[in-house]
Amino acid sequence: MFQFKLPDPGEGLTEAEITQWLVSEGDEVRVNDVLVEIETAKSLVELPSPVSGTVRRLLVAVGDSVDVGAPIIEIDDGEPETEPEPEAQNLVGSGPLPEPTNRRRPPAAPPAAAPVAEAPGPITTAVGKVLAKPLVRRLARDLGVKLASVHPTGPNGTVSKEDVEAAAGIAHAAADDVLGHTERIHGVRKATALNVAASVAKHVHVTEFNTIDITATKDLVARLKTRREFKDLHVSPLLLHAKAVCLALARHPELNATWDGEAGQIVYHDEVNLGIAAATPRGLLVPVIKGADKMNLVELCRAINELVVTAREGRLMPADYSGGTFSITNVGVFGIDTGTPIINGDESAILAMGAIKRRPWVIGSGDDEQIVPRWVTTLAVSFDHQLIDGEQGSLFLDDVSTVLSEPELALLF
């Protein structure tokens, strides 16, 4: 009997969730037949069978999280079942019983009197301290509740948070009346929460904004769509934003760098590995286009197309997420003017694209000044102030704005 254990997905992760069994108990399987689909924090992965045989038992239900190394399925491969290794014998209490001795037993103690029934109280330590977690103690202090007077319901006689709240007269009936439901945090949602929390703790975020006339970029996108080079490709403003970022990073390499505080150094990257934040049915994913700055516009368009499709279909692999040096997020697709993006991972900056809207815009000067309707958007760049000062961040954003406002000036970059 072969017991298949959850392998290490190779992402530095310790668990995965069973999303779909592709076999049932009693099915015949061959080597490399796909057994199960699992979801890690970063990808969906299909696991093939390493043996041929008959599926005897599915050991984990769909939706359960499993630790790496835990058995998930048993397959009868014709091999004898492996006997579990014998447990190591204890040094104390094992072996034959000792011979009885003639030593006289001490007289039995008289039975103790039956204890008088008392109202249960909190368990205390040897020094008389009530058993309760520090947070519970703090809550009791804040609510003016004496722990010694609280009836404990926690494990081993400990006072719980609910015990303290009950003693303080805090009712939960109102909360119970609120309609709603709970949902377990797992997969991409869990990874996103951990990553953004880690980013806020690691980076010193600064966000700058710039509102620009992007009419020329809109016109250029329309012209590119008619070019045979872009046949069968989806051309969007994202493409020109990505190109503008790559051009600007060449002039401001400090935004394409990593702050290594432990080593006391800044790591400048030789190429731009551009992360593109993508909203997928699984959640927010940020796949990476390696060497985006080395690509021409057609190559960059094709790379973005392929990456977005792959992300939405859930076929991204761990390597697709790794090695990012700068990211773009597009909140404009949701009709939002802009946002304050959170820096991704070990990167040092991120650009947010805002919605492109028709707005009044002042053009010309002096007697020629007039207000005309133009396509306008607001860009936002967040950067780590530990290695990027305000001047560097501002000049980078100004260069991106210049390329998008007047794309022909990209020839000067």
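Biologist: Which residue in β8 is the bridge partner of lysine 5?
Modeller: This is a predicted model, where local features need pLDDT of at least 70, side-chain atom pairs count only at pLDDT 80 or more, and totals for chains, interfaces and linings use all residues. Residues are numbered from 1 along each chain as its sequence is written, and side-chain values use heavy atoms, with hydrogens and water left out. β1 and β8 (residues 71-76) pair in the antiparallel sense over four bridges; strands are DSSP runs of E, at least two residues, numbered from the N terminus, and pairing takes at least two DSSP bridges. The partner of lysine 5 is proline 71.

Biologist: Which strands are at the edges of the open sheet?
Modeller: Four strands form the open sheet, in the order β1-β8-β6-β3, with antiparallel pairing. An edge strand pairs on one side only. Those strands are β1 (2-5) and β3 (28-29).

Biologist: Is cysteine 301 buried or exposed?
Modeller: Buried means under 20% relative accessible area, exposed over 50%, partly exposed in between (1.4 Å probe, protein chains only). Cysteine 301 has a relative accessible area of 1%, so this residue is buried.

Biologist: How do the axes of α6 and α7 cross, and why is α6 called oblique to α7?
Modeller: The axes of α6 (residues 237-251) and α7 (residues 297-312) come within 10 Å and cross at roughly 120°; axes are lines fitted to C-alpha atoms over the stretch in contact, with angles from 0 to 180 degrees between N-to-C directions. Helices are DSSP runs of H or I, at least four residues. Angles under 35 degrees count as roughly parallel, over 145 as roughly antiparallel, 65 to 115 as roughly perpendicular and the rest as oblique. Therefore α6 is oblique to α7.
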